Amino acid sequence: MAGINCWSQQLGFAILISFVLCFVLLCFDYSALTSTTTTTSHSGHSTPLVNNFANANAHAISTNSSDDSISPLPHNPLVIVLNQTEIDSCLGRYIYIHQLPGRFNQDLLKNCHLLTPGTDKNMCPYLVNFGFGPGINEENQEIVLLNESWFLTNQFLLEVIFHNKMKNYRCLTNDSSIASAIYVPFYAGLDIGRYLFGGVSTLVRDSSGLDLVKWLAEKPEWKKLWGRDHFLVAGRIAWDFRRQTDNESDWGSKFRFLPESKNMSMLSIESSSWNNDFAIPYPTCFHPSKESEIIGWQDRMRKRKRQYLFSFAGAPRPDLKGSIRGKIIDQCLASGSLCRLIDCNYGATNCDNPVNMMKVFQNSVFCLQPPGDSYTRKSVFDTILAGCIPVFFHPVRDVKDWRVNVNETLVGISEDRILALREQVVRLIPNVIYADPRSKLETLEDAFDLAVKGILERIEQVRSSIRQGRDPGVGFADGDDYKYTFAPYGKES
């Protein structure tokens, strides 16, 4: 693929050269919300249009058949002239927030001590500061984080963070009739997280999702597009909501297979292979309140002198078939001073401490990112934040077939190439953070801004299909088996 080389031709593992494909595959798939076609906004900037959510050759998977009546739309709902000279700057960007019953969000926070049964993790302390968690105090430590915009952020609180960001979105409306999108602030990840361990019945695991779609379907907003202008955000991977059987031993809920849920789009920390699931970054621990903080951090990461050629933060996964983590750890230890290992086994180094992690990542040229329990991991975004070049690995069926020498491959990369790769990483930093909800970024877009832009464009594509007389359900929620298809191991992609 042009401009993309996600794995070594000879050794079959990926060094991140162009991030678009890697993030589509590994979680950061804003490009799935937007296509290469562009249009020019009234401000003169080019804005990518929505990707083809409706494949003409696909079959519809939706709540309603193509015969369902959909509320008529004006020929161009994005152009409303307020007077002879003024155009509403929020036109096409208005979002209406459903005021859900408390059981779907706020009651979960009030009972935060019940969110992680069977573990020693208490979520309550992490809910402060808009869901960013307590601030980090670097007193008596080496200054690693530079300013006061760093927090002990829990990786599963994206839905709380996003909701608080949305409350400060400049184009909110209380009039759903003019809204371009309907946000459903259901804390799906926190809800299902209570039931993933301990043998909880599928009936219990599915109850909140069933009650939610019943509530939504009774609202007048639903009938405009039968939910295709609705979206929600989940702080867990999409697969946690795609249980395909009712066997009690199967993982997760079947929320995303409910007919009404299929008509909504979901943003989560890792996507699935269905067209109505999209991925946005895990929350990192950096939540700046000013653009100057972001730019200052980028400059610092560009100039950083890096002690280690590569590093790895994680634990082995001996129970996961095909996991190469054990071999990566062995190679890191054998590389001596070239590699820095952060052992995240239970009882080892505190890998939840951002100071520990960022100190190592900032001092590393490359950061190894083998899959964890799923395709991607929060560490990918932490390393980008540190200006460390992420290295991804080609999946293998049998770990015995994996014959990569990480050290030799990375040593062979030229200094010019390293500088170019690092610059690409550093430029991504604004796009993978969630800024303070009270901030107003003027020239930079954070992860929230890009997610909202993408979902609005996707929904406008639905309306465009309707205006052209096409069924908006065609392809909207279809499965795409090629979304996570890799070339055979050992062959060039």
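This is a dialogue on reading selected features of a predicted model.

Reader: Now helix packing. At what angle do helix α3 and helix α14 pack, and how far apart are their axes?

Author: Two packed helices are described by the angle between their axes and the distance between the axes. For α3 (residues 158-167) and α14 (residues 447-467), the angle is about 75° and the axes are 11 Å apart. An angle of 65 to 115 degrees counts as roughly perpendicular, and α3 and α14 are therefore roughly perpendicular to each other.

Reader: Which residues make that contact?

Author: From α3 the contact takes F162, K165 and M166; from α14 it takes F448, A451 and V452. By class, the contact of α3 with α14 has five nonpolar residues, one charged residue and no polar residues.

Reader: Which strands does α3 lie across?

Author: Helix α3 lies across β4, β5, β6 (230-234) and β7 (265-268), and runs at about 130° to β6.

Reader: What is the strand order in the open sheet, and is the pairing parallel or antiparallel?

Author: The order is β4-β5-β6-β7-β8, five strands with parallel pairing. At the edges are β4 (95-97) and β8 (277-279), each of which pairs on one side only. From one strand to the next, the twist averages 30°.

Reader: Take one pair. How many bridges join β4 and β5?

Author: Strands β4 and β5 (residues 181-183) pair in the parallel sense over three bridges. As for individual residues, Y183 in β5 is the bridge partner of I97.

Reader: On to backbone torsions. Where is F130, and what is its phi?

Author: F130 is in the loop between α2 (106-110) and α3. Its phi is positive, about 65°, although F130 is not a glycine. F130 has a relative accessible area of 29% and is therefore partly exposed.

Reader: And W226: is that residue buried or exposed?

Author: The cut-off for buried is under 20% relative accessible area. W226 has 17%, so W226 is buried. The residue sits in the loop between α6 (222-225) and β6. W226 also has a positive phi, of about 50°, although it is not a glycine.

Reader: How many residues of helix α11 are buried?

Author: Eight of the eight residues of α11 (residues 378-385) are buried, so the helix is largely enclosed by the rest of the structure. Among the buried residues are K378 and D382, along with V380, F381, I384 and L385. Just after α11, G387 takes a positive phi of about 70°.

Reader: What separates the C-alpha atoms of S323 and P370?

Author: S323 and P370 are 47 residues apart along the chain, and their C-alpha atoms are separated by 8.2 Å.

Technical notes. Residues numbered from 1 in each chain as written. Predicted model: local features only at pLDDT ≥ 70, side-chain atom pairs only at ≥ 80, totals over all residues. Heavy atoms only, no water. Axes fitted to C-alpha atoms, helices over the stretch in contact; angles between N-to-C directions. Helix = DSSP H or I, 4+ residues; strand = E, 2+ residues; numbered from the N terminus. Parallel < 35°, antiparallel > 145°, perpendicular 65-115°, else oblique. Contact = heavy atoms within 4.5 Å. Nonpolar A, V, L, I, M, F, W, Y, C, P; charged D, E, K, R; others polar. Pairing = 2+ DSSP bridges. Buried < 20%, exposed > 50% of the residue type's maximum accessible area, 1.4 Å probe, protein only.
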